[in-house]
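Look at the structure first, then read on.

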There are 2 protein chains.
Amino acid sequence: MPKLNWHCLTFLLPKGIKLAYMPNKVFVLGAGSTKYGKLNESVVELALDASKEAITSAGITPKEIQSGYISNVFGVSDKQVHMAPVIMSNLGIPYTPGLTIESACGSGSVMLREAYANVAAGFYDCVLAVGVEKITQVGTVQSTTLFSYCSDFFYEGGNGASFPGLFASIARAYLTRYKATEEDLAYVAVKNHENGMLNPKAHVRKIITIQDVMQSPVVASPLKLYDCCPFSDGASALILCSEEFAKKKGKSYVEIIGSGRGASPAAVQSREDITTIPSTVNAARQAYQMAKITPKDVDFAEVHDCFTIAEVIDTEDLGFFKKGEAAEAIRSGATKRNGEIPINPSGGLKSKGHPIGATGIGQVVEVFDQFTGKAGDRTIQDAEIAVTHNFGATGASAAVHVFKKVK
Amino acid sequence: MPKLNWHCLTFLLPKGIKLAYMPNKVFVLGAGSTKYGKLNESVVELALDASKEAITSAGITPKEIQSGYISNVFGVSDKQVHMAPVIMSNLGIPYTPGLTIESACGSGSVMLREAYANVAAGFYDCVLAVGVEKITQVGTVQSTTLFSYCSDFFYEGGNGASFPGLFASIARAYLTRYKATEEDLAYVAVKNHENGMLNPKAHVRKIITIQDVMQSPVVASPLKLYDCCPFSDGASALILCSEEFAKKKGKSYVEIIGSGRGASPAAVQSREDITTIPSTVNAARQAYQMAKITPKDVDFAEVHDCFTIAEVIDTEDLGFFKKGEAAEAIRSGATKRNGEIPINPSGGLKSKGHPIGATGIGQVVEVFDQFTGKAGDRTIQDAEIAVTHNFGATGASAAVHVFKKVK
């Protein structure tokens with residue numbers, strides 16, 4: 001049963017002082033994830049596997065969960081929407097309420113923000129946040145069609161502009177304006193595959209070369225097959241809680257110190273400049289401001305690399321590189337695990353995979369693993385501040401979160 | 001851009017006193033709705049029509065909206081998910097973030113609670129809450145199939161137990177245990193059609209008799225065609241805001257004084273007693289407690305009558321009648337517009353219609369219209385406190401809200 005932590009303080013205050021709020025601190029107490037890939041389990045089984053791992057990781061019992069936040073887009077393709085009651089019932093807590101949040105490929109991070117806000121506001125002390133997607137069973141063509149419903153379908157998907165095409169337009173504009181090359185994009189893919197090889201749960205674990213990328217089949221010029229992330233199944237889950245709750249458990253955890261979200265015009269054609277994504281810029285500004293940090297303080301970031309060009313633009317929009325300079329920085333190794341600002345140590349969407357409802361939560365699982373000594377050979381040394389960035393469609397929606405290691 | 005109204009008060013407090021919260025008051029400043037029915041507009045057009053009416057009703061401009069909350073279940077069937085950016089862009093506010101919340105047929109009220117919580121916590125001063133569904137184009141058979149994905153599909157829909165069948169089981173159990181009759185159920189349909197005739201936006205505007213209901217084709221015994229609500233398209237929208245924002249606008253509005261949500265075991269077969277819905281009971285308890293009222297204080301209620309049996313059970317679970325006594329009360333006229341506790345003056349799901357993503361918001365539109373003199377001939381005289389109750393599937397999720405007329 002949700003507990004409302006609202007205690008009136010007026011009796012403590014001098015007359016005439018308006019009562020206001022301070023957010024509760026919010027922590028990630030546990031995290032879990034299925035492997036990402038072409039999986040046999042149902043959407044419900046995947047969500048349960050990740051949830052149970054997160055619950056165990058947090059050292060709690062299901063009964064301590066006061067609310068469930070699910071992120072999912074195409075449950076209909078696995079014949080289960082209204083997923084929260086099914087997940088909660090199967091976790092043995094059928095009277096615990098939940099809901100599903102959808103914001104296309106950004107569902108996970110947008111859901112995280114709602115779960116965060118509810119704990120920050122004192123509605124709940126402990127919640128489950130689980131993202132899940134099960135899509136590979138419908139095949140690549142049908143997946144591409146379904147995903148196109150996440151675009152502004154009247155202007156985009158309905159006229160044949162599916163996401164590879166839309167991101168190809170963005171890539172062409174970027175490469176033209178900033179004199180970057182297709183080979184620069186290939187560096188993103190090669191680096192993320194290197195990282196993904198070290199992630200046992202990654203979908204595509206395969207070392208690739210610049211030549212492999214350049215010679216892979218063209219999907220939508222200038223993007224080739226290895227510029228594109230895979231369609232994946234998978235689920236990732238977190239336990240979020242208040243400070244008091246976290247302290248009682250006496251274990252390692254991670255603090256959410258910043259949260260922001262933003263929006264862009266839905267159709268790419270309506271944007272003033274398609275080499276930047278306004279939703280990312282706005283969400284990052286809010287998150288950094290709340291966290292009281294600048295991009296220079298960030299030790300690593302998980303960003304939304306659905307296509308290689310996206311990672312290039314993301315790293316500029318998040319303030320890690322100046323406009324037009326990311327491609328060269330990436331080529332120089334600045335975003336490798338031992339670089340100036342490691343990007344996507346998990347392997348990113350490109351190698352770890354992209355189960356769209358789970359992706360934004362999976363990024364936080366990586367942060368949790370990095371900050372609690374579970375990232376193995378892909379550990380970023382001495383990292384204390386991390387950022388996750390996840391968007392929907394071509395960035396029509398986005399959310400950015402900042403995390404701090406609790407020592 | 002969302003404004004975080006969090007002001008630290010620690011400097012005002014004696015040392016050692018833990019800082020806590022009091023919720024902001026939240027108001028319904030405007031409301032709008034499309035007609036419900038078999039409509040030609042797209043899901044986006046419907047959402048826009050309702051949103052624009054709510055914006056006009058509230059006397060605001062779109063730019064004053066800081067966040068959008070959408071409720072929708074089967075956008076995929078009209079080829080548009082990730083609806084918030086499309087709606088916001090078409091309202092001329094493409095940089096205003098939004099998200100979609102899904103909880104089956106309870107999506108609207110579950111979304112309302114999130115929108116409410118965000119304003120109550122001070123995240124936003126003014127938000128748009130719009131529910132929408134566009135489903136009739138796929139036909140009755142495909143709609144029934146899609147809707148069955150909202151059940152616990154592994155146990156229910158997947159074994160042929162679609163919603164008419166599940167509610168028939170519930171009805172049979174109720175009629176057996178409480179000696180109520182099929183004719184008692186028919187009284188619900190007749191009363192809601194009477195009310196719906198007075199609602200220009202209702203889907204099924206047709207006076208029916210007890211005999212009409214009793215002689216209509218059996219859908220799933222004991223439920224007949226006129227025991228079932230229609231499949232509808234439609235959208236309903238609200239503008240929610242803080243007290244300061246409402247006062248600036250200087251117009252009539254409605255206060256949300258209670259909000260609760262609950263859950264039940266997902267599958268009907270897993271419930272201890274199928275003649276009551278635990279999610280309703282728990283949500284109502286929370287909402288009444290927050291509103292500091294008892295069921296006796298309620299002047300009218302909009303409840304979830306997807307099937308006539310549901311209204312019977314709802315009115316008991318909400319505390320208006322003792323267990324097993326609703327059927328007799330309904331037969332006696334207690335729930336008519338001039339009765340002891342008027343139920344569904346709008347016509348309810350049964351006559352007004354049931355566009356599943358919109359229903360929970362549409363109930364609040366009725367409350368707003370009732371409290372601001374827009375309900376015409378269906379006005380409940382001297383009403384000051386109203387309740388809305390909306391659930392998902394067979395009540396696996398539910399939310400209850402309490403509203404107060406601001407004089």
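Which residues in H3(B) meet which residues in H13(B)?

## About the model

This is a predicted model, in which local features need pLDDT of at least 70, side-chain atom pairs count only at pLDDT 80 or more, and totals for chains, interfaces and linings use all residues. Residues are numbered from 1 along each chain as its sequence is written, with chains lettered from A and ligands numbered from 1 in the order in which they are written.

## H3 and H13 in chain B

Ser107(B), Gly108(B), Ser109(B) and Leu112(B) in H3(B) meet Thr359(B), Gly360(B), Ile361(B) and Val364(B) in H13(B). Contact here puts C-beta atoms, placed from the backbone, within 7 Å. The contact holds 3 nonpolar, 5 polar and no charged residues. Gly counts as polar.

The two helices pack at about 70°, with axes 5 Å apart. They are therefore roughly perpendicular (65 to 115 degrees).

## H3 on its own

H3(B) covers residues 107-120. Its 14 residues should span 20 Å at 1.5 Å a residue, and its end C-alpha atoms are 20 Å apart, so the two agree. In H3(B), 13 of the 14 residues are buried, so the rest of the structure largely encloses this helix. Buried means 20 or more other C-beta atoms within 10 Å of a residue's own. Just after H3(B), Gly122(B) has a positive phi of about 90°.

## H5 and H10 in chain A

H5(A), residues 163-178, packs on H10(A), residues 308-317, at about 55°, with axes 9 Å apart. The contact has 8 nonpolar, no polar and no charged residues.

Terms used
Axes fitted to C-alpha atoms, helices over the stretch in contact; angles between N-to-C directions. Helix = DSSP H or I, 4+ residues; strand = E, 2+ residues; numbered from the N terminus. Expected span 1.5 Å × (residues − 1). Buried ≥ 20, exposed ≤ 12 C-beta atoms within 10 Å, placed from the backbone. Parallel < 35°, antiparallel > 145°, perpendicular 65-115°, else oblique. Contact = placed C-beta atoms within 7 Å.
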